[in-house]
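Take a first walk through this model. Start with the sheet, then move on to helices and cores.

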Amino acid sequence: MSKGDLSMKFVYIFLIITLFTFQGCTTKEANPKVNHPQNKPDSMTSDPLSMSTPDDPEKENQTEGFEEEFNEGFEEEFSAQETNTTSDPLSGYNRWMTSFNDTFILYALNPISEGYATILPQPLRLGVSNAIDNLQFPIRFANNLLQGKFQNSADELGRFIINSTVGLAGLIDVATNHMTTPIPAHDEDFGQTLGYYGVGSGFHVVLPFLGPSNIRDIAGITADAYLSPLVNVRGLENYKIPKNLGQSIGIYAIHTINKTSLHLGEYENLREDAVDLYPFFRDTYEQKRNSEIAE
Amino acid sequence: MLQKVIIVLFLSIVSLDALEEQNIQKVTDIKVRQVLNILKDKTLSQKQKDAKNVRIIDDIFDFDIMSQISLGKQWKTLTKNEKTRFSKAFEKKIKHSYLDKLRLYNNEKVIIKDLKKIKSNRITLETQVIGLDDTYKVIYLFYKKKQTNQWYIYDVELVGVSIIQTYRKQFSEFLRTKTIKQLIESL
């Protein structure tokens with residue numbers, strides 16, 4: 001997923017302010033409320049769940065069995081793939097920002113997106129999403145090239161040409177949905193390019209509104225912002241759609257609301273899986289990035 | 001006596017459904033279709049759907065091994081009673097989370113892709129879920145159980161995120177400051 005659609009200046013200013021403001025909090029456990037997002041016992045599901053765990057007389061024997069299985073390399077397999085989060089100097093701030101973002105999503109972004117979804121019919125929202133994705137083509141094209149994935153770059157170029165023309169300025173994803181041999185998308189960003197050349201993730205940073213990230217990916221977002229036609233950069237006005245910071249933020253806001261409206265309920269659903277919100281989102285983010293880089 | 005007959009019957013049903021290497025792809029495909037049909041069936045209540053879906057995955061998911069991996073080295077320090085209680089709680093949590101995810105189902109298409117043999121006792125099966133504006137990669141990880149020579153799922157990777165790894169990480173952090181008893185309660 002490319003996240004280059006926000007003016008970097010904005011991110012940096014916010015980051016600096018928040019870092020200074022919450023420096024003092026780093027040792028405190030911020031907001032104990034988020035530590036235990038309990039899912040309430042749901043009478044709807046408790047039935048099928050309990051009926052499917054019969055009191056199996058085999059259970060006792062099986063427990064002995066596990067110990068053997070355990071030595072079959074599961075431990076090595078999983079510890080080898082573990083994300084490296086031993087160094088987390090911003091954990092206090094990150095925790096706070098995770099709960100800030102969480103509140104923002106639950107009480108602002110989601111209700112707004114729901115309202116938006118009732119006004120705009122789904123095909124239109126899909127069109128907006130396609131068009132914005134289409135405009136991010138330079139990021140994907142350049143980063144595929146930088147990683148030497150020439151076939152992918154060619155695919156992206158083909159998609160851009162077809163979707164921009166036959167697909168009515170990107171509103172319709174013709175290349176994926178209406179071709180006998182669909183051209184697949186190849187999402188790459190500069191954070192992945194850095195990772196591809198062996199740059200480590202650096203420590204984890206939760207960005208306001210943008211969510212989980214890390215030092216490497218912040219550098220990536222910055223570089224991609226120059227390529228994205230949707231983020232204003234002084235001196236490149238002719239290439240950029242927004243003419244100032246306000247317009248960049250506006251486009252980003254619409255993009256985010258539109259995207260959320262196509263995935264309503266998913267965030268709430270995902271956060272239910274967390275034992276503790278911050279490490280949960282940190283780990284899923286780092287795992288996802290690692291696998292995207294490995295692809 | 002009757003109890004014994006029931007157990008024998010139960011076991012024979014299980015082994016019919018259990019996975020041999022050559023039919024992993026076929027059985028998974030059938031099971032995915034079954035789940036999708038249940039989700040699309042408008043005559044069923046949510047509760048009936050949940051019950052049916054749990055039954056479908058029950059015999060190919062190895063919840064015991066999942067709970068064991070999720071605790072990692074800590075597992076060995078548990079008493080027998082704690083192990084059983086933890087496994088039960090964890091199984092419930094995973095099933096709950098799985099059913100929750102299925103509720104988001106919105107006519108996505110599922111394609112079964114390649115089966116890869118990683119080593120003699122590990123197989124991965126890649127599937128693709130085609131949603132509205134995105135395609136997601138879902139990989140099922142199978143291992144071969146020594147005692148039975150059957151294959152079971154021990155982990156699922158959604159868009160590169162391993163479910164069991166995520167729990168593992170969270171549990172190890174949780175147990176750094178809290179006890180296993182508190183963990184079982186929080187599940």
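How many bridges join β1(B) to β2(B)? Eight bridges join them, and the two strands run antiparallel.

## Ground rules

This is a predicted model: local features need pLDDT of at least 70, side-chain atom pairs count only at pLDDT 80 or more, and totals for chains, interfaces and linings use all residues. Residues are numbered from 1 along each chain as its sequence is written, while chains are lettered from A and ligands numbered from 1 in the order in which they are written.

Helices (H or I, at least four residues) and strands (E, at least two) are DSSP runs, numbered from the N terminus. Two strands pair if DSSP finds at least two bridges between them.

## The sheet of chain B

Five strands of chain B form an open sheet in the order β1-β2-β3-β4-β5, with antiparallel pairing. Its edge strands are β1 (109–119) and β5 (161–162), each pairing on one side only. Helix α2 (residues 24–40) of chain B packs on the sheet and touches β1, β2 (122–130), β3 and β4 of chain B. The direction of α2(B) makes about 150° with that of β1(B). Such angles run from 0 to 180 degrees between N-to-C directions, and axes are lines fitted to C-alpha atoms, for helices over the stretch in contact.

Follow the strands in turn. A hairpin of two residues joins β1(B) to β2(B). Across this pair, B:Lys109 has B:Ile130 as its bridge partner, and B:Ile112 stands opposite B:Thr127. B:Thr127 also has a partner in β3(B), namely B:Val138. Nine bridges pair β2(B) with β3(B) in the antiparallel sense, and a hairpin through four residues joins the two. Next, seven bridges join β3 (residues 135–144) to β4 (residues 151–158) of chain B, again antiparallel. There, B:Ile139 stands opposite B:Glu157.

Is β1(B) covered or in the open? None of its eleven residues is buried, so β1(B) lies largely in the open. A residue is buried if 20 or more other C-beta atoms lie within 10 Å of its own, exposed if 12 or fewer, and partly exposed in between, with C-beta atoms placed from the backbone.

## Helix pairs

α2(B) also packs against helix α3 (residues 46–58) of chain B, at an angle of about 180° and with axes 10 Å apart. The two are therefore roughly antiparallel. Angles under 35 degrees count as roughly parallel, over 145 as roughly antiparallel, 65 to 115 as roughly perpendicular and the rest as oblique. Among the residues making the contact are B:Val35 and B:Ile38 of α2(B) and B:Lys52 and B:Ile56 of α3(B).

In chain A, helix α5 (residues 91–119) and helix α12 (residues 245–261) pack at about 75°, with axes 8 Å apart. That makes α5(A) roughly perpendicular to α12(A). The residues that meet include A:Leu109 and A:Tyr116 in α5(A) and A:Ile257 and A:Thr260 in α12(A).

## Chain A, covered and open

Chain A has 14 helices and two strands. Of its 295 residues, 35% count as buried. Helix α7 (residues 137–146) of chain A is mostly covered, with seven of its ten residues buried. Among them are A:Phe137, A:Ile139 and A:Phe141. Their cover includes α6 (122–135), α8 (150–165), α10 (190–196) and α11 (215–227) of chain A. After α7(A) comes A:Gly148, with a positive phi near 70°.

A:Ser87 sits in the loop between α4 (74–80) and α5 of chain A. A:Ser87 is exposed, with 10 other C-beta atoms within 10 Å. A:Ser87 and A:His204 are 117 residues apart in sequence but 8.4 Å apart in space, C-alpha to C-alpha.

## Nonpolar cores

A nonpolar core is a set of buried Ala, Val, Leu, Ile, Met, Phe, Trp, Tyr and Cys residues joined through C-beta atoms within 7 Å. The largest has 35 residues, and those touching the most other members include B:Met66, B:Phe142 and B:Trp151. Elements giving two or more residues to this core include α14 (277–294) of chain A and β2, β3 and β4 of chain B. A second, separate core of 23 residues includes A:Trp96, A:Met97, A:Phe160 and A:Leu227.

Definitions and conventions. Two residues are in contact if their C-beta atoms, placed from the backbone, lie within 7 Å.
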